[in-house]
Amino acid sequence: MTPARPILLAALCATLALASCVTERTDTGRGVRVKPGTGAGGPAGVGSAAGPAAPSLDGPVARPARGVTTNAAVGVTFVPLGAIAYDGQALPVVSPDGRFLAVQQGEAPAWNAILAEDGATVPAGTTIVVYDISGNAARRLESPALPPGVLLGRGADREGFLIESPRENGARWIGRANWVTGEPTWLAHDDRVSAHAVLAPDGALLFTRRDVGASRAVLVRRAPSGQERETAPADGTYVAPLAGNDPRTVFALRRVAQGLAIDVLRARGDEFERTPVSRLLHTSDDPTLAHQVALSVPSASTPAPGAAGADGALVILNPSRARMSLWDGASGSLETLAPGTIAAARSPDPNSPGYFCTTRDGLVFVSKVGTAGPTGAPVVVIDTPYVPRTVWSAPPQLVLFGPSKDSPDQIEIVRMLLTAPAPQ
C-alpha cells in the first residue's frame with residue numbers, strides 16, 4: 001500500500017473545508033518525500049536509524065525565512081525560526097512551554113497505519129525529529145533513543161510527546177518520547193489496538209482501544225496513577241478522543257450509522273456519566289473525515305492561571321458548516337467562528353480573549369467574550385495560512401507553522417509574540 005496523500009498546510013484549505021463533501025481515501029498518491037542532507041532547511045541524515053551516542057544540540061540550524069515584523073493592528077510580533085522538512089501528512093506537535101517541536105519526516109505512512117486499521121503497515125520509512133525552538137532559529141536535536149517506524153501523536157506535555165507504534169502482530173502501542181533523549185515510555189502496550197491518544201490537562205491519557213479484528217473500539221481514560229476506566233459507545237465505535245482544558249470533560253468522535261458524531265462526557269469522580277451529550281457533525285462516516293476533524297483540534301495544555309480560554313471550551317472543525325466551531329462548556333452550545341476557518345487556537349493573553357484562526361487566505365483574529373459568541377469582524381493578522389498552536393509562557397505567544405514559499409518539502413516555523421497594540 002502506498003503512503004497517504006499529503007493533507008497539510010497548502011492542501012489543508014482544500015481538504016478540511018468540508019461543507020458537503022468528504023475527502024476521498026485513495027492509495028495512489030504519496031506524501032512528500034524528504035531528501036536527506038539537502039542543506040539548511042532539511043537536516044542531514046533524515047530517515048536514517050543511525051545517530052550519535054548521546055543527545056546533542058549541535059545539529060543543523062534551520063534557515064530563518066524573514067526578519068522580525070510587527071502587525072500593529074492586533075499587537076503581534078513575528079519571529080521566524082526557519083524552514084524544516086516534513087512528510088506532508090502529520091501536524092507538528094509543540095511542547096506546552098513552546099521550547100520544542102516534534103515533526104514527522106520521511107515517507108508518509110499508509111492510511112491503514114494512520115487510521116489504526118487491521119493489517120496496518122508498519123511505517124518503516126517514517127522518522128520523528130525534534131527541534132529546539134527556544135532561541136531565534138529551530139535547531140535539530142539528535143535523539144538516538146527514538147525508535148524508527150513510529151507515528152507522531154497529537155499530544156504533548158513538558159516531559160515529552162505522544163507516539164504510536166503499529167506492531168507486526170497487528171497490535172498498536174502508545175508511548176511518550178522524551179523531548180531531549182527520545183527515550184520512549186510505553187503507556188499502553190499489549191496485544192490490543194490502542195490508538196489516537198491525547199493528553200488531558202491533568203495528565204490523563206485518553207485513547208481508543210479494541211481487540212485485533214474487532215470493529216468496535218471503546219474510549220479509555222488512563223490516570224497518571226495507571227488506573228484505567230473504559231467507556232463503551234452507545235452505538236457505532238469511538239475513533240478519536242479530543243481534550244479541552246477541563247479535565248472533568250472529555251470529547252470523543254464516534255462513527256455511527258448516521259455519520260460522524262461528537263460525544264461530550266463529563267466525569268463524576270473516576271467515572272463518566274452514563275449518557276453523554278452527543279451531536280452529529282456530518283452525515284458521512286468516512287474514517288478519513290474523522291481523522292481530519294481530529295487534526296483540527298489543538299493538543300490540550302494547561303493554561304497559566306487567569307489565562308483566556310481556561311474554561312474547558314473546545315475548538316473544532318465543524319465539517320457541516322465548513323468552519324471552526326467552539327463548544328462552550330458553560331452554555332453547552334456549539335458556536336461557529338469565522339466563515340472558512342480550518343484551524344484555530346485560543347489566545348493565551350487574558351487581556352485579549354479570542355481565537356487565532358487559519359483561513360485559505362491567512363491568519364485572522366476573532367474576538368471572544370464570555371459566552372456571547374464571536375464579537376466583531378475577524379482581524380487579519382498575516383496573509384499566510386499559518387496553523388497556530390498556543391503555548392503558555394511569558395510573554396504570551398503562539399507557535400505557527402505553514403507552507404514554505406521556497407520548497408513544498410518544508411514548513412516554516414514562526415513564533416508569534418502578543419504585544420500591546422500600537423496607538424491608532
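Before anything else, I wrote down what buried means here: under 20% relative accessible area, with exposed set at over 50% and partly exposed in between. I also noted that this is a predicted model.

**Entry 1: Arg221 and Asp202**

I began with Arg221, which has a relative accessible area of 18% and is therefore buried. Its side chain meets that of Asp202 in a salt bridge, at 2.6 Å from N to O. I looked up where the two sit: Arg221 is in strand β13 (residues 218-222), and Asp202 is in the loop between β11 (193-199) and β12 (205-210). That puts the partners 19 residues apart, so I noted the pair as a link between distant parts of the chain. Asp202 is partly exposed, at 33%.

How many salt bridges does the structure hold? I found 12. One of them joins Arg176 and Asp157, with the closest N and O atoms 3.0 Å apart. Arg176 belongs to strand β9 (residues 172-178), while Asp157 is in the loop between β7 (151-156) and β8 (160-166), so parts 19 residues apart in sequence are tied together. Arg176 is buried, at 16% relative accessibility.

Next I checked Glu228 and Arg209, whose closest N and O atoms are 2.9 Å apart in a salt bridge. Glu228 is in strand β14 (residues 228-231) and Arg209 in strand β12, so this pair also ties together parts 19 residues apart in sequence. Is Arg209 buried or exposed? Arg209 is buried, with a relative accessible area of 7%, whereas Glu228 is partly exposed at 30%.

**Entry 2: rings**

Then I turned to the aromatic pairs and counted five. Among them are Phe251 and Trp327, edge-to-face, at 6.5 Å centre to centre with 75° between the planes. Phe251 lies in strand β16 (residues 249-256) and Trp327 in strand β21 (residues 323-328), so the pair ties together parts 76 residues apart in sequence. Phe251 is buried at 1%, and Trp327 is buried at 4%.

I looked at Phe356 and Phe365 too: their ring centres are 4.7 Å apart and their planes at 50°, so I logged the pair as tilted. Phe356 is buried at 3%, and Phe365 is buried at 10%.

Phe100, Phe161 and Trp179 make up one aromatic cluster. Arg167 lies over the face of Trp173, 3.7 Å from the ring centre.

How values were computed:
Residues are numbered from 1 along each chain as its sequence is written. This is a predicted model: local features need pLDDT of at least 70, side-chain atom pairs count only at pLDDT 80 or more; totals for chains, interfaces and linings use all residues. Side-chain values use heavy atoms; hydrogens and water are left out. A salt bridge is a side-chain nitrogen of Lys or Arg within 4 Å of a carboxyl oxygen of Asp or Glu. Helices (H or I, at least four residues) and strands (E, at least two) are DSSP runs, numbered from the N terminus. Buried means under 20% relative accessible area, exposed over 50%, partly exposed in between (1.4 Å probe, protein chains only). Rings of Phe, Tyr and Trp (its six-membered ring) pair if their centres lie within 6.5 Å; planes under 30 degrees apart count as stacked, over 60 as edge-to-face and the rest as tilted. A charge sits over a ring if NZ of Lys or CZ of Arg is within 6 Å of the ring centre and within 35 degrees of the ring normal.
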